[in-house]
Amino acid sequence: MIEIKNISKSYNDIQALKEISLSVEKGELFGLIGPDGAGKTTLMRILMTLLLPDSGEAKMNELDVVKDFKKIRHIVGYMPGRFSLYQDLSVEENLHFFATVFGTTIEENYDLIRDIYYQIEPFKTRRAGKLSGGMKQKLALSCALIHKPKILILDEPTTGVDAVSRKEFWEMLKALQQKGITILVSTPYMDEASLCDRVALIQKGTILDVDSPSRITEKFPRKIIQVHSEDMFRLIQDLRSFPKAESVFAFGQFVHFTGVNDEVEISELDKFLTERKHTDVIVEEIHPGIEDVFMSLQSL
Amino acid sequence: MDKIITVKNLVKKFGAFTANDHLTFDVYRGEIFGFLGANGAGKTTAIRILCGLSTPTSGDIKIAGYDIYRETEKIKKNIGYMSQKFSLYEDLTVSENIRLYAGIYGIPSKKAKEKEAELLEKLEMESARKKLISGLPLGWKQKLAFSVAIFHEPKIVFLDEPTGGVDPVTRRKFWDLIYEASNNGITVFVTTHYMDEAEYCNRVSIMDAGKIEALDTPGKLKEKYNANNMDEVFLKIAR
(Lines give C-alpha, C1' and ligand atoms only; values in the text may rest on other atoms or scores of the structure.)
Protein backbone atom coordinates (compact mmCIF):
# COMPACT_ATOMS: atom_id res chain seq x y z
CA MET A 1 0.00 0.00 0.00
CA ILE A 2 2.95 2.28 0.73
CA GLU A 3 6.21 1.82 -1.22
CA ILE A 4 9.22 3.92 -0.32
CA LYS A 5 12.42 3.59 -2.37
CA ASN A 6 15.71 5.30 -1.55
CA ILE A 7 14.14 8.51 -0.31
CA SER A 8 16.61 11.22 0.77
CA LYS A 9 15.88 14.69 2.04
CA SER A 10 18.18 17.43 3.36
CA TYR A 11 17.56 20.79 4.95
CA ASN A 12 20.61 22.95 4.24
CA ASP A 13 23.48 20.92 5.68
CA ILE A 14 21.32 18.56 7.76
CA GLN A 15 20.42 15.27 6.12
CA ALA A 16 17.01 14.40 7.56
CA LEU A 17 16.52 11.18 5.57
CA LYS A 18 19.28 9.01 4.14
CA GLU A 19 18.16 6.66 1.35
CA ILE A 20 15.18 5.25 3.21
CA SER A 21 13.35 2.25 1.76
CA LEU A 22 10.26 0.76 3.32
CA SER A 23 7.00 -0.89 2.37
CA VAL A 24 3.74 -1.08 4.25
CA GLU A 25 1.19 -3.79 3.37
CA LYS A 26 -2.50 -3.20 2.85
CA GLY A 27 -4.40 -3.26 6.14
CA GLU A 28 -1.24 -3.11 8.22
CA LEU A 29 -0.79 -1.08 11.42
CA PHE A 30 2.79 0.05 10.92
CA GLY A 31 4.82 2.00 13.47
CA LEU A 32 7.70 4.42 12.92
CA ILE A 33 9.55 4.31 16.21
CA GLY A 34 12.22 6.88 17.00
CA PRO A 35 13.11 9.98 18.99
CA ASP A 36 12.73 13.65 18.00
CA GLY A 37 14.92 14.49 15.04
CA ALA A 38 14.94 10.93 13.68
CA GLY A 39 13.21 11.99 10.44
CA LYS A 40 9.72 10.63 11.14
CA THR A 41 7.85 13.85 10.34
CA THR A 42 9.90 14.51 7.20
CA LEU A 43 9.08 11.06 5.87
CA MET A 44 5.38 11.46 6.64
CA ARG A 45 5.23 14.90 5.02
CA ILE A 46 6.80 13.48 1.87
CA LEU A 47 4.20 10.69 1.80
CA MET A 48 1.47 13.27 2.40
CA THR A 49 2.73 15.17 -0.70
CA LEU A 50 3.45 18.21 1.45
CA LEU A 51 7.19 18.05 0.88
CA LEU A 52 9.29 16.99 -2.11
CA PRO A 53 12.07 14.44 -1.63
CA ASP A 54 15.56 15.33 -2.94
CA SER A 55 15.83 11.89 -4.51
CA GLY A 56 14.15 8.50 -4.50
CA GLU A 57 10.50 7.71 -5.05
CA ALA A 58 7.44 6.78 -3.05
CA LYS A 59 4.04 5.39 -3.96
CA MET A 60 0.81 5.42 -2.02
CA ASN A 61 -1.70 2.87 -3.33
CA GLU A 62 0.30 2.81 -6.60
CA LEU A 63 0.15 6.61 -6.93
CA ASP A 64 3.37 8.59 -7.13
CA VAL A 65 3.84 11.18 -4.37
CA VAL A 66 5.26 13.76 -6.79
CA LYS A 67 3.24 13.27 -10.00
CA ASP A 68 -0.09 12.13 -8.55
CA PHE A 69 -0.20 14.36 -5.49
CA LYS A 70 -3.77 15.53 -6.09
CA LYS A 71 -5.12 11.98 -6.26
CA ILE A 72 -3.17 10.94 -3.18
CA ARG A 73 -4.72 13.69 -1.12
CA HIS A 74 -8.14 12.11 -1.67
CA ILE A 75 -7.16 8.72 -0.37
CA VAL A 76 -5.09 9.63 2.68
CA GLY A 77 -6.05 11.02 6.07
CA TYR A 78 -3.42 12.93 8.04
CA MET A 79 -3.17 13.87 11.66
CA PRO A 80 -0.15 16.16 12.03
CA GLY A 81 1.87 16.36 15.21
CA ARG A 82 0.70 19.87 15.94
CA PHE A 83 -3.04 20.50 16.41
CA SER A 84 -4.01 21.97 13.04
CA LEU A 85 -7.76 22.40 13.12
CA TYR A 86 -9.49 25.76 13.16
CA GLN A 87 -9.42 26.87 16.80
CA ASP A 88 -12.25 29.36 16.40
CA LEU A 89 -14.61 27.01 14.62
CA SER A 90 -16.75 24.69 16.72
CA VAL A 91 -16.26 20.94 16.86
CA GLU A 92 -19.12 20.38 14.42
CA GLU A 93 -18.04 23.20 12.09
CA ASN A 94 -14.54 21.75 11.83
CA LEU A 95 -15.87 18.34 10.93
CA HIS A 96 -18.37 19.80 8.47
CA PHE A 97 -15.61 21.88 6.87
CA PHE A 98 -13.34 18.89 6.28
CA ALA A 99 -16.24 16.82 4.93
CA THR A 100 -17.16 19.59 2.47
CA VAL A 101 -13.58 20.10 1.28
CA PHE A 102 -13.49 16.43 0.31
CA GLY A 103 -16.92 16.61 -1.32
CA THR A 104 -18.69 14.41 1.18
CA THR A 105 -20.96 14.81 4.20
CA ILE A 106 -20.74 13.88 7.86
CA GLU A 107 -23.75 11.60 7.45
CA GLU A 108 -22.26 9.65 4.53
CA ASN A 109 -19.22 8.44 6.49
CA TYR A 110 -20.57 8.70 10.01
CA ASP A 111 -20.14 4.95 10.48
CA LEU A 112 -16.39 5.23 10.34
CA ILE A 113 -16.10 7.93 12.99
CA ARG A 114 -19.05 7.04 15.21
CA ASP A 115 -17.05 5.32 17.97
CA ILE A 116 -14.65 8.26 18.20
CA TYR A 117 -16.95 11.18 17.51
CA TYR A 118 -19.75 10.21 19.91
CA GLN A 119 -17.35 10.93 22.79
CA ILE A 120 -17.02 14.59 21.78
CA GLU A 121 -20.49 15.03 20.25
CA PRO A 122 -21.89 16.42 23.55
CA PHE A 123 -19.46 19.34 23.04
CA LYS A 124 -20.15 19.86 19.33
CA THR A 125 -20.95 23.56 19.70
CA ARG A 126 -17.75 24.26 21.63
CA ARG A 127 -14.86 25.96 19.84
CA ALA A 128 -12.03 23.59 19.01
CA GLY A 129 -9.54 25.88 20.77
CA LYS A 130 -11.42 25.40 24.04
CA LEU A 131 -11.22 21.60 24.04
CA SER A 132 -9.02 19.55 26.36
CA GLY A 133 -6.01 17.75 24.86
CA GLY A 134 -7.77 14.40 24.70
CA MET A 135 -10.84 15.88 23.01
CA LYS A 136 -8.74 17.78 20.46
CA GLN A 137 -7.05 14.54 19.58
CA LYS A 138 -10.40 12.79 18.99
CA LEU A 139 -11.65 15.68 16.85
CA ALA A 140 -8.44 15.70 14.80
CA LEU A 141 -8.80 11.97 14.21
CA SER A 142 -12.46 12.37 13.22
CA CYS A 143 -11.52 15.10 10.72
CA ALA A 144 -8.73 12.94 9.28
CA LEU A 145 -11.23 10.13 8.69
CA ILE A 146 -14.29 11.97 7.41
CA HIS A 147 -13.47 11.36 3.71
CA LYS A 148 -13.01 7.62 4.37
CA PRO A 149 -9.31 7.40 3.49
CA LYS A 150 -7.59 4.17 2.44
CA ILE A 151 -4.44 5.18 4.31
CA LEU A 152 -4.22 7.01 7.62
CA ILE A 153 -1.00 8.76 8.63
CA LEU A 154 -0.61 9.90 12.22
CA ASP A 155 2.38 11.91 13.38
CA GLU A 156 3.05 11.28 17.08
CA PRO A 157 -0.61 11.27 18.12
CA THR A 158 0.25 10.22 21.67
CA THR A 159 3.15 12.56 22.46
CA GLY A 160 2.57 14.41 25.73
CA VAL A 161 -0.58 12.40 26.33
CA ASP A 162 -1.05 10.59 29.64
CA ALA A 163 -0.81 6.81 29.94
CA VAL A 164 -4.58 6.28 30.16
CA SER A 165 -5.44 8.37 27.07
CA ARG A 166 -2.61 6.70 25.18
CA LYS A 167 -4.14 3.26 25.81
CA GLU A 168 -7.54 4.48 24.65
CA PHE A 169 -6.06 6.01 21.51
CA TRP A 170 -4.39 2.76 20.51
CA GLU A 171 -7.68 0.93 21.01
CA MET A 172 -9.24 3.37 18.52
CA LEU A 173 -6.45 2.68 16.01
CA LYS A 174 -6.94 -1.07 16.33
CA ALA A 175 -10.66 -0.61 15.64
CA LEU A 176 -9.89 1.45 12.51
CA GLN A 177 -7.51 -1.22 11.30
CA GLN A 178 -10.36 -3.75 11.62
CA LYS A 179 -12.26 -1.60 9.15
CA GLY A 180 -9.54 -2.14 6.56
CA ILE A 181 -7.63 1.13 6.81
CA THR A 182 -3.84 0.96 6.40
CA ILE A 183 -2.25 2.91 9.23
CA LEU A 184 1.20 4.47 9.48
CA VAL A 185 1.81 5.93 12.94
CA SER A 186 4.90 7.41 14.55
CA THR A 187 5.75 7.50 18.23
CA PRO A 188 8.69 8.22 20.51
CA TYR A 189 7.27 5.78 23.10
CA MET A 190 9.05 2.47 22.70
CA ASP A 191 6.37 0.57 24.63
CA GLU A 192 3.85 1.40 21.89
CA ALA A 193 5.87 -0.58 19.35
CA SER A 194 4.38 -3.83 20.63
CA LEU A 195 0.92 -2.61 19.56
CA CYS A 196 1.92 -2.47 15.87
CA ASP A 197 1.98 -5.33 13.35
CA ARG A 198 5.40 -4.23 12.15
CA VAL A 199 7.69 -1.38 13.09
CA ALA A 200 10.65 0.49 11.65
CA LEU A 201 13.18 1.67 14.22
CA ILE A 202 14.46 5.00 12.94
CA GLN A 203 17.28 7.22 14.17
CA LYS A 204 19.10 10.15 12.54
CA GLY A 205 17.46 9.60 9.17
CA THR A 206 18.41 5.93 8.96
CA ILE A 207 16.30 2.85 9.48
CA LEU A 208 17.93 0.60 12.06
CA ASP A 209 15.58 -2.36 11.56
CA VAL A 210 12.16 -3.28 10.17
CA ASP A 211 10.22 -6.28 11.45
CA SER A 212 7.40 -7.39 13.73
CA PRO A 213 7.98 -6.28 17.32
CA SER A 214 8.29 -9.87 18.53
CA ARG A 215 10.79 -10.79 15.78
CA ILE A 216 12.88 -7.71 16.54
CA THR A 217 13.30 -8.72 20.14
CA GLU A 218 13.64 -12.46 19.44
CA LYS A 219 16.50 -12.08 16.98
CA PHE A 220 18.38 -9.68 19.25
CA PRO A 221 21.51 -11.63 20.13
CA ARG A 222 22.62 -9.90 23.31
CA LYS A 223 22.26 -11.24 26.83
CA ILE A 224 20.33 -8.79 29.01
CA ILE A 225 20.65 -9.16 32.76
CA GLN A 226 18.06 -7.47 34.94
CA VAL A 227 19.26 -6.30 38.34
CA HIS A 228 17.47 -4.85 41.33
CA SER A 229 18.60 -3.67 44.74
CA GLU A 230 17.17 -1.56 47.53
CA ASP A 231 19.43 1.40 46.73
CA MET A 232 19.05 1.95 43.00
CA PHE A 233 21.28 5.00 42.67
CA ARG A 234 24.21 3.21 44.30
CA LEU A 235 23.39 0.08 42.29
CA ILE A 236 23.82 1.94 39.01
CA GLN A 237 27.13 3.43 40.11
CA ASP A 238 28.44 0.09 41.39
CA LEU A 239 27.42 -1.76 38.23
CA ARG A 240 29.15 0.86 36.08
CA SER A 241 32.34 0.22 38.04
CA PHE A 242 32.09 -3.54 37.35
CA PRO A 243 35.15 -4.32 35.18
CA LYS A 244 33.30 -6.19 32.42
CA ALA A 245 30.29 -3.87 32.22
CA GLU A 246 29.37 -2.69 28.71
CA SER A 247 26.09 -0.89 29.35
CA VAL A 248 24.15 -0.11 32.51
CA PHE A 249 20.77 1.56 32.11
CA ALA A 250 17.87 2.18 34.47
CA PHE A 251 14.63 0.48 33.38
CA GLY A 252 11.93 1.44 35.84
CA GLN A 253 12.42 -0.52 39.03
CA PHE A 254 15.28 -2.51 37.47
CA VAL A 255 18.65 -1.90 35.89
CA HIS A 256 19.45 -3.61 32.59
CA PHE A 257 23.04 -4.75 32.33
CA THR A 258 25.06 -6.07 29.42
CA GLY A 259 28.55 -7.44 29.85
CA VAL A 260 31.45 -7.16 27.40
CA ASN A 261 30.98 -9.98 24.83
CA ASP A 262 28.06 -11.17 26.99
CA GLU A 263 30.57 -13.04 29.11
CA VAL A 264 29.31 -11.92 32.51
CA GLU A 265 27.57 -14.65 34.54
CA ILE A 266 24.63 -14.12 36.88
CA SER A 267 26.60 -15.58 39.78
CA GLU A 268 29.47 -13.13 39.26
CA LEU A 269 27.18 -10.13 39.50
CA ASP A 270 25.37 -11.59 42.49
CA LYS A 271 28.67 -12.02 44.34
CA PHE A 272 29.89 -8.56 43.31
CA LEU A 273 26.75 -6.90 44.70
CA THR A 274 26.64 -8.93 47.88
CA GLU A 275 30.22 -7.88 48.59
CA ARG A 276 29.08 -4.29 48.24
CA LYS A 277 26.37 -4.90 50.82
CA HIS A 278 23.38 -4.45 48.52
CA THR A 279 20.12 -5.77 49.93
CA ASP A 280 17.02 -7.25 48.25
CA VAL A 281 19.23 -8.16 45.30
CA ILE A 282 17.67 -9.73 42.21
CA VAL A 283 19.90 -10.75 39.28
CA GLU A 284 18.29 -12.62 36.39
CA GLU A 285 18.55 -12.99 32.63
CA ILE A 286 15.53 -11.67 30.76
CA HIS A 287 14.17 -11.44 27.21
CA PRO A 288 15.04 -8.05 25.75
CA GLY A 289 12.35 -5.48 25.01
CA ILE A 290 12.14 -3.11 22.03
CA GLU A 291 13.79 -0.38 24.07
CA ASP A 292 16.82 -2.62 24.81
CA VAL A 293 17.18 -3.32 21.10
CA PHE A 294 16.77 0.33 20.14
CA MET A 295 19.37 1.47 22.63
CA SER A 296 21.81 -1.14 21.49
CA LEU A 297 21.35 -0.37 17.76
CA GLN A 298 21.49 3.35 18.48
CA SER A 299 24.92 3.16 20.05
CA LEU A 300 26.45 1.20 17.14
CA MET B 1 13.59 14.91 57.66
CA ASP B 2 13.42 18.55 56.67
CA LYS B 3 10.31 19.68 54.87
CA ILE B 4 11.16 21.94 51.94
CA ILE B 5 7.62 22.20 50.53
CA THR B 6 4.53 22.11 52.73
CA VAL B 7 1.09 22.26 51.16
CA LYS B 8 -2.07 22.27 53.28
CA ASN B 9 -5.52 22.30 51.71
CA LEU B 10 -4.49 23.99 48.49
CA VAL B 11 -7.60 24.98 46.54
CA LYS B 12 -7.60 26.71 43.16
CA LYS B 13 -10.85 27.56 41.42
CA PHE B 14 -11.40 29.04 37.97
CA GLY B 15 -15.00 30.25 38.18
CA ALA B 16 -17.11 27.23 39.03
CA PHE B 17 -14.34 24.80 38.08
CA THR B 18 -12.10 23.44 40.86
CA ALA B 19 -8.70 22.69 39.34
CA ASN B 20 -7.01 21.83 42.66
CA ASP B 21 -9.27 20.39 45.33
CA HIS B 22 -7.72 20.47 48.83
CA LEU B 23 -4.23 19.23 47.99
CA THR B 24 -2.20 18.38 51.09
CA PHE B 25 1.35 17.04 50.92
CA ASP B 26 4.95 17.66 51.98
CA VAL B 27 8.18 17.30 50.03
CA TYR B 28 11.44 16.64 51.88
CA ARG B 29 14.83 18.21 51.27
CA GLY B 30 16.85 16.35 48.64
CA GLU B 31 13.92 14.21 47.62
CA ILE B 32 13.01 13.31 44.03
CA PHE B 33 9.27 13.83 44.09
CA GLY B 34 7.20 12.59 41.13
CA PHE B 35 4.05 14.57 40.46
CA LEU B 36 1.91 12.46 38.16
CA GLY B 37 -1.60 12.66 36.78
CA ALA B 38 -3.62 12.44 33.59
CA ASN B 39 -3.83 15.45 31.24
CA GLY B 40 -6.19 17.95 32.81
CA ALA B 41 -5.84 16.50 36.32
CA GLY B 42 -4.56 19.85 37.62
CA LYS B 43 -0.78 19.33 37.71
CA THR B 44 0.19 22.46 35.79
CA THR B 45 -2.13 24.63 37.89
CA ALA B 46 -0.51 23.31 41.08
CA ILE B 47 3.04 23.77 39.76
CA ARG B 48 2.32 27.36 38.75
CA ILE B 49 1.15 28.05 42.30
CA LEU B 50 4.16 26.34 43.89
CA CYS B 51 6.47 28.46 41.69
CA GLY B 52 4.78 31.65 42.84
CA LEU B 53 3.31 32.41 39.40
CA SER B 54 -0.34 32.05 40.37
CA THR B 55 -2.21 32.70 43.64
CA PRO B 56 -4.27 29.91 45.16
CA THR B 57 -7.94 30.45 46.08
CA SER B 58 -7.15 29.16 49.57
CA GLY B 59 -4.69 27.00 51.49
CA ASP B 60 -1.42 27.29 53.43
CA ILE B 61 1.64 26.77 51.30
CA LYS B 62 5.31 27.27 52.11
CA ILE B 63 8.12 26.83 49.60
CA ALA B 64 11.65 26.69 51.05
CA GLY B 65 10.23 28.31 54.16
CA TYR B 66 8.60 31.23 52.30
CA ASP B 67 4.93 32.04 52.22
CA ILE B 68 3.21 31.63 48.85
CA TYR B 69 1.03 34.78 49.27
CA ARG B 70 3.53 37.29 50.63
CA GLU B 71 6.99 36.12 49.59
CA THR B 72 6.74 35.09 45.94
CA GLU B 73 9.88 37.01 44.96
CA LYS B 74 11.92 35.14 47.57
CA ILE B 75 10.43 31.89 46.37
CA LYS B 76 11.47 32.61 42.79
CA LYS B 77 15.08 33.21 43.90
CA ASN B 78 15.16 29.84 45.62
CA ILE B 79 13.73 27.67 42.88
CA GLY B 80 14.70 26.62 39.39
CA TYR B 81 12.31 25.69 36.59
CA MET B 82 12.61 23.77 33.37
CA SER B 83 9.99 22.48 30.97
CA GLN B 84 10.09 20.63 27.70
CA LYS B 85 8.30 23.48 25.95
CA PHE B 86 10.50 26.33 27.04
CA SER B 87 13.93 26.31 28.50
CA LEU B 88 16.57 28.20 26.52
CA TYR B 89 16.63 31.09 24.05
CA GLU B 90 17.16 29.51 20.65
CA ASP B 91 18.76 32.56 19.05
CA LEU B 92 21.31 33.12 21.80
CA THR B 93 24.52 31.11 22.10
CA VAL B 94 25.21 28.57 24.82
CA SER B 95 27.38 31.05 26.69
CA GLU B 96 24.87 33.91 26.27
CA ASN B 97 22.09 31.78 27.72
CA ILE B 98 24.18 30.92 30.77
CA ARG B 99 25.15 34.59 31.27
CA LEU B 100 21.55 35.71 30.89
CA TYR B 101 20.34 33.35 33.62
CA ALA B 102 23.28 34.19 35.85
CA GLY B 103 22.45 37.88 35.45
CA ILE B 104 18.75 37.40 36.20
CA TYR B 105 19.60 35.57 39.41
CA GLY B 106 22.17 38.19 40.40
CA ILE B 107 25.28 36.04 40.27
CA PRO B 108 28.37 38.32 40.15
CA SER B 109 29.96 38.18 36.70
CA LYS B 110 33.34 36.91 37.90
CA LYS B 111 31.72 34.00 39.69
CA ALA B 112 29.42 33.38 36.73
CA LYS B 113 32.44 33.13 34.44
CA GLU B 114 34.11 30.53 36.64
CA LYS B 115 30.93 28.51 37.01
CA GLU B 116 30.27 28.66 33.28
CA ALA B 117 33.71 27.19 32.52
CA GLU B 118 33.17 24.46 35.12
CA LEU B 119 29.74 23.62 33.75
CA LEU B 120 30.81 23.44 30.11
CA GLU B 121 33.69 21.18 31.05
CA LYS B 122 31.40 18.89 33.00
CA LEU B 123 28.90 18.71 30.13
CA GLU B 124 31.74 18.30 27.59
CA MET B 125 30.31 21.24 25.68
CA GLU B 126 33.30 23.61 25.61
CA SER B 127 33.44 23.44 21.81
CA ALA B 128 29.78 24.55 21.58
CA ARG B 129 30.26 27.61 23.77
CA LYS B 130 29.72 30.11 20.96
CA LYS B 131 27.12 28.09 19.05
CA LEU B 132 23.47 29.06 18.85
CA ILE B 133 21.07 26.90 20.85
CA SER B 134 18.93 26.35 17.74
CA GLY B 135 21.71 24.30 16.15
CA LEU B 136 22.28 21.93 19.06
CA PRO B 137 20.97 18.35 19.28
CA LEU B 138 17.94 17.98 21.57
CA GLY B 139 19.87 15.89 24.10
CA TRP B 140 22.45 18.67 24.55
CA LYS B 141 19.76 21.31 24.87
CA GLN B 142 18.08 19.37 27.63
CA LYS B 143 21.27 18.81 29.59
CA LEU B 144 22.09 22.47 29.27
CA ALA B 145 18.56 23.60 30.14
CA PHE B 146 18.63 21.55 33.32
CA SER B 147 22.08 22.83 34.26
CA VAL B 148 20.98 26.42 33.68
CA ALA B 149 17.86 25.84 35.80
CA ILE B 150 20.10 24.89 38.74
CA PHE B 151 22.93 27.31 37.94
CA HIS B 152 21.98 29.63 40.83
CA GLU B 153 22.01 26.63 43.21
CA PRO B 154 18.30 26.72 44.06
CA LYS B 155 16.85 24.68 46.91
CA ILE B 156 14.20 23.19 44.65
CA VAL B 157 14.03 22.55 40.92
CA PHE B 158 10.70 22.04 39.15
CA LEU B 159 10.87 19.89 36.01
CA ASP B 160 7.73 19.82 33.88
CA GLU B 161 7.95 16.85 31.49
CA PRO B 162 11.67 17.35 30.97
CA THR B 163 12.24 14.22 28.88
CA GLY B 164 9.44 14.32 26.29
CA GLY B 165 10.46 13.07 22.87
CA VAL B 166 14.13 12.29 23.48
CA ASP B 167 15.73 8.98 22.62
CA PRO B 168 15.96 6.30 25.31
CA VAL B 169 19.69 6.68 25.95
CA THR B 170 19.49 10.47 26.31
CA ARG B 171 16.47 10.11 28.57
CA ARG B 172 18.47 7.93 30.94
CA LYS B 173 21.48 10.25 30.86
CA PHE B 174 19.14 13.04 31.84
CA TRP B 175 18.06 11.05 34.88
CA ASP B 176 21.73 10.67 35.85
CA LEU B 177 21.78 14.48 36.14
CA ILE B 178 18.62 14.44 38.25
CA TYR B 179 20.14 11.88 40.63
CA GLU B 180 23.30 13.93 40.87
CA ALA B 181 21.38 17.12 41.73
CA SER B 182 19.37 15.26 44.34
CA ASN B 183 22.59 13.82 45.77
CA ASN B 184 23.86 17.40 46.09
CA GLY B 185 20.86 18.30 48.21
CA ILE B 186 18.64 19.92 45.56
CA THR B 187 15.01 18.84 45.86
CA VAL B 188 13.60 17.68 42.52
CA PHE B 189 9.91 18.07 41.76
CA VAL B 190 9.22 16.33 38.45
CA THR B 191 6.27 15.50 36.17
CA THR B 192 6.44 12.86 33.47
CA HIS B 193 4.28 10.69 31.24
CA TYR B 194 6.90 7.93 31.18
CA MET B 195 5.81 5.52 33.86
CA ASP B 196 9.22 3.86 34.11
CA GLU B 197 10.53 7.25 35.26
CA ALA B 198 8.00 7.23 38.09
CA GLU B 199 9.98 4.29 39.45
CA TYR B 200 13.08 6.49 39.77
CA CYS B 201 11.37 8.88 42.19
CA ASN B 202 11.68 8.57 45.98
CA ARG B 203 7.97 9.25 46.32
CA VAL B 204 5.19 9.72 43.81
CA SER B 205 1.84 11.46 43.99
CA ILE B 206 -0.90 10.69 41.48
CA MET B 207 -3.57 13.30 40.76
CA ASP B 208 -6.96 12.67 39.24
CA ALA B 209 -9.68 15.28 38.66
CA GLY B 210 -8.03 17.89 40.90
CA LYS B 211 -7.33 15.61 43.85
CA ILE B 212 -4.31 13.65 45.01
CA GLU B 213 -5.52 10.06 44.89
CA ALA B 214 -2.31 8.37 45.99
CA LEU B 215 1.03 9.38 47.49
CA ASP B 216 3.78 7.02 48.56
CA THR B 217 7.00 5.35 47.47
CA PRO B 218 6.73 3.44 44.18
CA GLY B 219 7.27 0.20 46.11
CA LYS B 220 4.42 0.81 48.55
CA LEU B 221 2.07 1.99 45.77
CA LYS B 222 2.69 -1.20 43.81
CA GLU B 223 1.99 -3.24 46.93
CA LYS B 224 -1.16 -1.31 47.78
CA TYR B 225 -2.62 -1.52 44.28
CA ASN B 226 -1.40 -5.06 43.74
CA ALA B 227 0.46 -4.00 40.59
CA ASN B 228 3.68 -5.16 38.90
CA ASN B 229 4.80 -1.70 37.90
CA MET B 230 3.89 1.99 38.09
CA ASP B 231 2.11 1.84 34.73
CA GLU B 232 -0.44 -0.55 36.26
CA VAL B 233 -0.78 1.60 39.38
CA PHE B 234 -1.42 4.66 37.23
CA LEU B 235 -4.02 2.91 35.09
CA LYS B 236 -5.86 1.64 38.17
CA ILE B 237 -6.07 5.12 39.65
CA ALA B 238 -6.61 7.30 36.59
CA ARG B 239 -8.84 5.12 34.43
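**Figure 1. Asn12(A) is exposed, with a relative accessible area of 81%.** The structure is a predicted model, in which local features need pLDDT of at least 70 and side-chain atom pairs count only at pLDDT 80 or more, while totals for chains, interfaces and linings use all residues. Residues are numbered from 1 along each chain as its sequence is written, chains are lettered from A and ligands numbered from 1 in the order in which they are written, and side-chain values use heavy atoms, with hydrogens and water left out. Throughout these legends, "exposed" stands for over 50% relative accessible area, "buried" for under 20%, and "partly exposed" for values in between (1.4 Å probe, protein chains only). Asn12(A) lies in the loop that joins strand 1 (2-11) to strand 2 (14-24) of chain A. Helices (H or I, at least four residues) and strands (E, at least two) are DSSP runs, numbered from the N terminus. Although Asn12(A) is not a glycine, its phi is positive, at about 50 degrees. Most residues other than glycine have a negative phi.

**Figure 2. Glu153(B) also has a positive phi, near 50 degrees, and is not a glycine.** This residue sits in the loop between helix 5 (138-149) and strand 7 (156-160) of chain B. Glu153(B) is exposed, its relative accessible area being 52%.

**Figure 3. Tyr11(A) belongs to strand 1 of chain A.** With 36% relative accessibility, Tyr11(A) counts as partly exposed. Tyr11(A) and Asp54(A) are separated by 43 residues in sequence, and their C-alpha atoms are 9.8 Å apart in space. Of the 300 residues of chain A, 53% count as buried.

**Figure 4. A salt bridge joins Asp231(B) to Lys167(A).** The term salt bridge refers to a side-chain nitrogen of Lys or Arg within 4 Å of a carboxyl oxygen of Asp or Glu. Side chains of opposite charge can pair when their charged atoms come close. In this pair, the closest N and O atoms are 3.5 Å apart. The contact crosses between chains, running from Asp231(B) in helix 9 (residues 230-238) of chain B to Lys167(A) in helix 6 (residues 163-178) of chain A. Asp231(B) is partly exposed at 23% relative accessible area, and Lys167(A) is partly exposed at 33%.

**Figure 5. Arg29(B) and Asp2(B) form a salt bridge whose closest N and O atoms are 2.9 Å apart.** The two residues come from distant parts of the chain, 27 residues apart: Arg29(B) is in the loop between strand 2 (17-28) and strand 3 (32-37) of chain B, and Asp2(B) is in the segment before strand 1 (3-14) of chain B. Arg29(B) is partly exposed, at 40% relative accessibility. Asp2(B) is likewise partly exposed, at 44%.

**Figure 6. Glu73(B) pairs with Lys76(B) in a salt bridge, with the closest N and O atoms 3.4 Å apart.** Glu73(B) and Lys76(B) are three residues apart in helix 2 (residues 72-78) of chain B, so about one helical turn separates them. An α-helix has 3.6 residues a turn, so residues three or four places apart point the same way. Glu73(B) is exposed at 53%, whereas Lys76(B) is partly exposed at 28%.

**Figure 7. Helix 6 (residues 168-183) of chain B has 16 residues.** From its first C-alpha to its last, helix 6 of chain B reaches 23 Å, close to the expected 22 Å. The expected span is 1.5 Å times one less than the number of residues. Helix 6 of chain B is largely enclosed by the rest of the structure, because 12 of its 16 residues are buried. Among them are Phe174(B), Trp175(B), Leu177(B) and Ile178(B). Over all chains, the structure holds 38 salt bridges.
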